[in-house]
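Subject: Handing over the two-chain model

Dear colleague,

I am passing this structure on to you, and I would be grateful if you kept it open while you read. My notes on what was found follow directly below.

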Amino acid sequence: MDTRVASLWVYLSASPLLHLTLTVCFFVIARWLYRKAGRRSWMNPVLVSVLSLVAILVITDTPYEVYFEGAQFVHFMLGPATVALAIPLYRQCESLKRHPVALAVSLLIGSLTAALSAIFIAKLGGVSEQALISIAPKSVTTPVAMGISETLGGLPSLTAVVVILTGILGASLGPWLLDKLNITNPMAKGLAMGTASHGIGTGRAIYMGDVAAAFSGLAMGLNGLATTILLPLIWGWFMK
Amino acid sequence: MLESLAVLLLCQLLGELFVLYLELPVPGPVVGMIILFIGLMIRGNIPDELSITANGLLEQLSLLFVPAGVGVLTHLTLLGEHWLPLSASLIVSTLLTLAITGLLMQHLAKEEK
């Protein structure tokens, strides 16, 4: 390689700017592709940009720590963004006034099902404890799930990926399953989509009408809170 | 814009301190979210400016998962070894959650008329 090109690479690979730029550009391209492809859930821009960036880092033999030096500036905004989730949650609170008991019971049982069934099935397959706690919050919205995973000693990056995969699964299989089970009540449909598959499921629930969309958004917020409170208790009991 | 960002950061900081002080196994930003939520309940509405800043931030929310998601790079061996139980767990658990939540809500909402 030309020595001037080589020295450019030395500069770039050591500067946080390169990986910050790559992160933003890859995401912008992935989102453009997603919109072009008619917003199909398996074309999820987070999944596509994560996989492409992983491929680039493997090919260029770049350690994750070096990548994160640049990407941390994006990552840092996750905290304030999590706090900002209070605003949509507050807006959707109107929906709480309809069937509050039915909603609370279904949400709590749904939330426990999501975490416990994920832990038990993976445990049967001999998955390590650290991986188990990383997948337990899989149905919770990504920023909250990553926080839970990190707090309980899991791997937040593994959590981020399984959360997105869960969202894609719920968004693609949810409408079919709800139909099979004769679940026609729009409140029930929305609640199921939001509890099982957070924001990506809510994105799909929007096509089920206003009531389903509002309940899905509400379920997503409340499941985040329920899992944050319940999972440390379940995990403490499970580890005994 | 800056005032709203200050409010969000302040709530997060309070949340983090709260968790640290009480040694709770709960993420600080989630407590920050609860603090802001309570604040909104007391106020009774959402200030326009806060609503605009929050929407702007939440519209870009997906981008913010990418850096952490790329960290999966460090767990490729783990995924290679356990891809089968992990995918079985995700698929079965997601379907089970959808079914139980939906059936319960439909049934209970009918009872609660």
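I begin with helix α2 of chain A, residues 16-36, whose 21 residues reach 31 Å from the first C-alpha to the last, close to the 30 Å expected at 1.5 Å a residue; the expected span is 1.5 Å times one less than the number of residues. Helices here are DSSP runs of H or I with at least four residues, strands are runs of E with at least two, and both are numbered from the N terminus. Please bear in mind that this is a predicted model, in which local features need pLDDT of at least 70 and side-chain atom pairs count only at pLDDT 80 or more, while totals for chains, interfaces and linings use all residues. Residues are numbered from 1 along each chain as its sequence is written, and chains are lettered from A and ligands numbered from 1 in the order in which they are written.

The buried residues of α2(A) are A:H19, A:L22, A:T23, A:F26, A:F27, A:A30 and A:Y34. They lie on the same side of α2(A), because they cover an arc of only 120° around the axis, the arc being that of the directions from the helix axis to the C-beta atoms. A residue is called buried if 20 or more other C-beta atoms lie within 10 Å of its own, exposed if 12 or fewer do, and partly exposed in between, with C-beta atoms placed from the backbone. On the face of α2(A) turned away from the buried side are the exposed residues A:C25, A:W32, A:R35 and A:K36. The cover over the buried residues of α2(A) includes α3 (45-59) and α4 (64-76) of chain A, together with α4 (61-70) of chain B. Just after α2(A), A:G38 takes a positive phi of about 75°.

The next helix to look at is α3(A), where 15 residues should span 21 Å at 1.5 Å a residue, which agrees with the 21 Å between the end C-alpha atoms. In α3(A) the buried residues are A:P45, A:V46, A:L47, A:S49, A:V50, A:L53 and A:V54, and what covers them includes α2 and α10 (156-180) of chain A together with α4 of chain B. A:I56, also found in helix α3 of chain A, counts as partly exposed because it has 15 C-beta neighbours inside 10 Å. Just after α3(A), A:D61 takes a positive phi of about 60°.

Turning to the whole of chain A, the domain assignment, which is automatic or comes from a database, divides it into domain 1 (3-76) and domain 2 (84-238). The centres of these two domains of chain A, taken over C-alpha atoms, are 28 Å apart. The contact between them takes six residues from domain 1 of chain A and seven residues from domain 2 of chain A, two residues being in contact if their C-beta atoms, placed from the backbone, lie within 7 Å.

Chain B has five helices and zero strands. Its radius of gyration is 20 Å, whereas a compact globule of 113 residues would have one near 13 Å; the radius is taken over C-alpha atoms, and the globule rule is 2.2 Å times the number of residues to the power 0.38. Buried residues make up 41% of the 113 residues in chain B.

How do the two chains meet? In all, 63 residues of chain B are in contact with 88 residues of chain A. The elements that give two or more residues to the side of chain B that touches chain A are α1 (2-22), α2 (28-43), α3 (48-59), α4 and α5 (76-111) of chain B, and the largest share, 26 residues, comes from α5(B).

Finally, two loop residues deserve a look. A:N182, in the loop between α10 and α11 (186-205) of chain A, has a positive phi near 60° although it is not glycine, and it counts as exposed because it has 10 C-beta neighbours inside 10 Å. B:E23, in the loop between α1 and α2 of chain B, has a positive phi of about 50° and is not a glycine either; B:E23 is exposed, with 6 other C-beta atoms within 10 Å.

With best wishes
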